[in-house]
Amino acid sequence: MSSTHGPIQSHDYQMLIDGHWVESHSGRRYERHSPAHDVLVGTYPEADAKDVDIAVAVARRVFDESDWPHTSGAERAALLGKVSVLIHENAEELALIETLESGKPLNQARDEMGWTCAIWDYAATLARHLRGDAYNNLGPDMLGITVREPIGVVGLITPWNFPLLIISQKLPFALAAGCTCVVKPSELTPGTTLRLGELLLQAGLAPGVVNIVTGFGDPVGQRLCDHHDVDMISFTGSTRVGKQVVAASQGNLKKVTLELGGKNPQVLFPDADLDAALDAVVFGVYFNMGECCNSGSRLLIHQDMADKFVPRIIEHAKRVKVGDPLDPATKVGALISDAHLKKVMGYIESGRKSAARFRLGGNRLITDKGRFVEPTIIDHVTADMPLACEEVFGPVLSVIRFKDESEAAGIVNSTMYGLSAAVWTRDLDRALTMARRIHAGTVWINTFMSGPQELPFGGYRQSGLGRELGRFAAEEYTELKTIQLHMGPRTSWWAGLPR
Ligand code: TXE
């Protein structure tokens with residue numbers, strides 16, 4: 001098949017274990033077809049538990065026996081910086097792989113490459129600043145020191161919606177800390193993670209520090225989570241699987257960090273800059289086809305403005321071009337898979353059976369290939385409906401009306417999630433009061449989904465555990481050790497006891 005971008009080519013990948021590109025031990029492979037074009041775009045080794053065991057054994061040996069965990073922060077920073085340069089140099093190829101495997105617009109994938117480089121650069125700065133502390137206030141004969149040590153072997157499990165960006169929210173920080181890693185990308189989108197493996201070796205990373213195993217959630221991800229030689233799992237994906245990861249971690253009480261789903265509201269008051277809010281509402285819900293943990297899938301709008309403002313949103317949303325992700329004008333590409341399309345359409349159908357009103361879209365686009373859903377706006381959704389409290393992960397906006405701040409805060413906090421939210425108002429008191437009442441890891445005021453690397457990211461409640469990015473991001477991958485130094489004669493245990 002050919003497209004506006006030329007013929008689409010498939011690539012046969014191998015997995016990375018101990019610096020070698022290998023097949024799975026069974027020799028089995030699986031295929032990926034572009035969800036937008038229905039053509040073969042990649043084949044990959046289909047690993048199982050035995051392949052995971054081999055990769056973990058390598059990561060364990062390299063952590064326990066090699067120099068890697070003891071390299072200086074400066075050396076690790078230099079390596080991370082080189083990787084950033086290599087991602088930049090290969091950005092066009094990486095963006096194309098992402099688009100073909102995921103269905104996301106190519107122009108957006110190109111932007112993501114820039115954001116990815118910025119994360120690797122930021123992690124490089126943290127590598128040089130990881131440090132402990134000293135306690136000089138423990139009395140004349142005692143000095144206390146704390147040191148940060150890499151936690152050990154880390155399993156990194158990633159989803160399909162932002163394959164390279166999400167592994168880059170984990171891997172450079174684990175490397176900054178001196179860990180060794182076994183990476184398991186989503187079975188749907190492993191291409192850029194495997195290409196990243198090549199770039200890591202090209203940048204000079206020692207064999208076995210990063211190993212990449214391709215295959216399905218169970219057995220590959222499951223085995224990684226069960227494994228007693230893995231010291232930590234960092235997982236991004238569904239809340240359902242996040243809970244399985246926590247359950248599996250009990251075997252050896254490994255550390256777990258989780259970045260899970262969200263049902264993120266944008267709360268709109270009449271005094272807001274409405275032009276800015278309009279753009280952010282449409283961007284917030286349709287960006288990456290709505291397949292985004294931060295997707296602004298709920299619009300909470302003040303009842304006094306709803307009847308006038310919702311039609312403006314509809315007009316704006318009608319301009320969002322849906323279709324071939326290789327077309328530079330496309331803003332909404334294909335959904336990731338048939339199963340996911342079914343899930344999204346299921347939520348849309350649940351809306352049709354309710355008292356909610358469809359204002360835009362609500363259908364699968366009729367195309368001869370691919371899986372596309374119209375930008376959809378459903379009005380008069382109420383807080384009890386699945387459309388108001390469950391993660392649709394598609395281009396579907398649920399509009400909920402509220403009468404005052406208290407009611408808005410109650411609706412915002414009424415789901416099991418707590419990832420992010422936005423508040424739109426020019427009233428500073430109202431903005432800060434709302435920001436403090438909202439149970440979410442990030443609250444944007446008068447903007448949406450902006451994420452500088454300096455700011456931590458993660459969820460309250462069932463949206464996750466722990467934080468990514470920010471100045472503590474590398475510390476997540478460390479243990480804190482206390483060292484106590486005693487000076488001079490030590491008081492004997494026997495002193496003062498009757499003889
Ligand atoms: O996620 P899964 P899926 C949400 C979104 C979406 C839903 C399902 O609502 O519709 O999750 O998506 C691996 N042990 N998010 O099915 O299954 C799997 O192979 C260990 C939100 O893709 O959670 C993949 O690598 N790992 C999210 C990763 O987990 C297992 C992004 C995520 O897959 C496993 C994606 C197991 N037992 C979906 N089973 C976000 N936070 O952005 C699967 N995996």
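This report describes the surroundings of the ligand in a predicted model.

## Basis of the model

Local features need pLDDT of at least 70 and side-chain atom pairs count only at pLDDT 80 or more, while totals for chains, interfaces and linings use all residues. Residues are numbered from 1 along each chain as its sequence is written, and side-chain values use heavy atoms, with hydrogens and water left out.

## The shell around the ligand

The ligand is surrounded by 25 residues, each with a heavy atom within 4 Å of it. Trp160, Glu187, Ser238, Lys343 and Glu391 are the closest. By class, nine are nonpolar, eleven polar (Gly counts here) and five charged (Asp, Glu, Lys or Arg).

Domain 1 (2-260 + 459-482) and domain 2 (265-445) each supply at least three residues of the shell; these bounds come from an automatic or database domain assignment. Among helices (DSSP runs of H or I, at least four residues), α8 gives three residues, the most of any element.

Polar contacts here are pairs of N or O atoms within 3.5 Å. A polar side-chain atom of Trp160 lies 2.4 Å from a ligand oxygen atom.

Conventions: Polar contact = N/O pair within 3.5 Å; in protein donor to acceptor, adjacent residues only side chain to side chain. Helix = DSSP H or I, 4+ residues; strand = E, 2+ residues; numbered from the N terminus.
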